[in-house]
Amino acid sequence: MMITSVKQTTISFTNPYVLRLKSQLPTPQFVNFSPKICRKSDLLIQKPLQISKFEVKGLGFGNGFLKDRKSVIKCEAYEADRSEPIDDGVVEVPGEAARKVKIGIYFATWWALNVVFNIYNKKVLNAFPYPWLTSTLSLAMGSLIMLVSWGTRVAEAPSTDIDFWKALLPVAVAHTIGHVAATVSMSKVAVSFTHIIKSAEPAFSVLVSRFLLGESFPSGVYLSLVPIIGGCALAAVTELNFNMIGFMGAMISNLAFVFRNIFSKKGMKGKSVSGMNYYACLSILSLALLTPFALAVEGPKMWAVGWEKAVSQIGPNFIWWVVAQSVFYHLYNQVSYMSLDEISPLTFSVGNTMKRISVIVSSIIIFRTPVQPVNALGAAIAILGTFLYSQAKL
């Protein structure tokens, strides 16, 4: 590839004829190069040019020199094996394309696992209405999976210290409360209704950040709360099987998860732990916090009676349901935390909105949940508001 280097410096000519010719020409001057080197375009040269590292045979000056003063040219880089200029368009790097495919797989897996978890979780709670034990089993299964993975070196164990666990403690407290509250909600109302109310989480996030942390947001963020709150209210008042415990459980879950995110951002800065291991540590600590409360609120006697009744009514499939809901709970959360290593919080927020849509629609179809048109309208408005919120924060 022929390379040109152009410097804007003054040229000294010693040939009298050239000097005389130069004095007759006005500035700026225009140079017409061979088309093999330059393509016709618009490059204005304000000063005489000195050209170095430039190979041209038979370059001379005469009466025809710079005859066409209106014609100006632009030099462009050429590829070594092409006669056309390089395309100025953006060329996508193969690594970036692979990353987008990876993110797409994360999202699809996250949504699918979440749908499966919600289906099995609702089946278990319908037959075995003990949300505290159900929540404990979900965390216990996840902790067991990760401990085995670390022990067998399937996954690399994180390097943690006492400061890490101290910073993780408030996150685990909020996560435990949010997890149990959501499970209590789904034990009392339809899965679709719980997730409609949980779509109001951005409203809680803005209110807590504004009044407790003193943060300010663009006006678009505040406006997006109107359809979120209005849609959730419309869905709640038109819910056929409304239950106050179920409604309050979803609301408490929203508030707890907002504080979980706040504590995570503030306390975990600078902690070099992958998303998968971060959630594993969070599950282990949450399990330690939840177990004594589950024993106190429900207890082994209630569990034994409820378990026997569920097995007698459902059969051995009930045990599979319990195992499935516990495994899929850990997997969908693990994938969501892993995706945070690859995407921005905004993209994650949009993905979370789409996840709720998939859960609401699938649960209505599978459980044949009766839905009134006005109830569906409220859900749609709330989901739209959540999407607008994610865009307003951009």
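Is Ile-177 buried, partly exposed or exposed?

Modeller: The model is predicted. Ile-177 is partly exposed: its relative accessible area is 45%, which lies between the 20% under which a residue counts as buried and the 50% over which it counts as exposed. The residue lies in helix H4. Ile-177 also belongs to a nonpolar surface patch of about 590 Å², together with Leu-169, Val-173, Phe-242, Met-244, Met-248 and Ile-252. Two elements give two or more residues to this patch, namely helix H4 (162–188) and helix H8 (244–267). In an α-helix there are 3.6 residues a turn, so residues three or four places apart point the same way.

The UniProt record, an unreviewed entry, places the feature "transmembrane region" at several spans, among them 220–238, 244–263 and 275–294. In the model, residues 220–238 are 95% helix and 0% strand, with 28 Å between the end C-alpha atoms. For residues 275–294 the figures are 100% helix, 0% strand and 27 Å between the end C-alpha atoms.

Helix H9 covers residues 275–297. From first C-alpha to last, the 23 residues of H9 reach 32 Å, close to the 33 Å expected at 1.5 Å a residue. Just after H9 comes Gly-299, with a positive phi of about 90°.

Notes. Residues are numbered from 1 along each chain as its sequence is written. This is a predicted model: local features need pLDDT of at least 70, side-chain atom pairs count only at pLDDT 80 or more; totals for chains, interfaces and linings use all residues. Side-chain values use heavy atoms; hydrogens and water are left out. Helices (H or I, at least four residues) and strands (E, at least two) are DSSP runs, numbered from the N terminus. The expected span of a helix is 1.5 Å times one less than its number of residues. Patches are made of residues with over 30% relative accessible area and no salt bridge: like charges are joined within 9 Å, nonpolar side chains (Val, Leu, Ile, Met, Phe, Trp, Tyr) within 5 Å. Accessible areas come from the Shrake-Rupley method with a 1.4 Å probe; for residues, only the protein chains shown count as cover. A salt bridge is a side-chain nitrogen of Lys or Arg within 4 Å of a carboxyl oxygen of Asp or Glu. Buried means under 20% relative accessible area, exposed over 50%, partly exposed in between (1.4 Å probe, protein chains only). UniProt positions are given in the numbering used here, feature names are shortened, and annotations may be inferred rather than shown by experiment.
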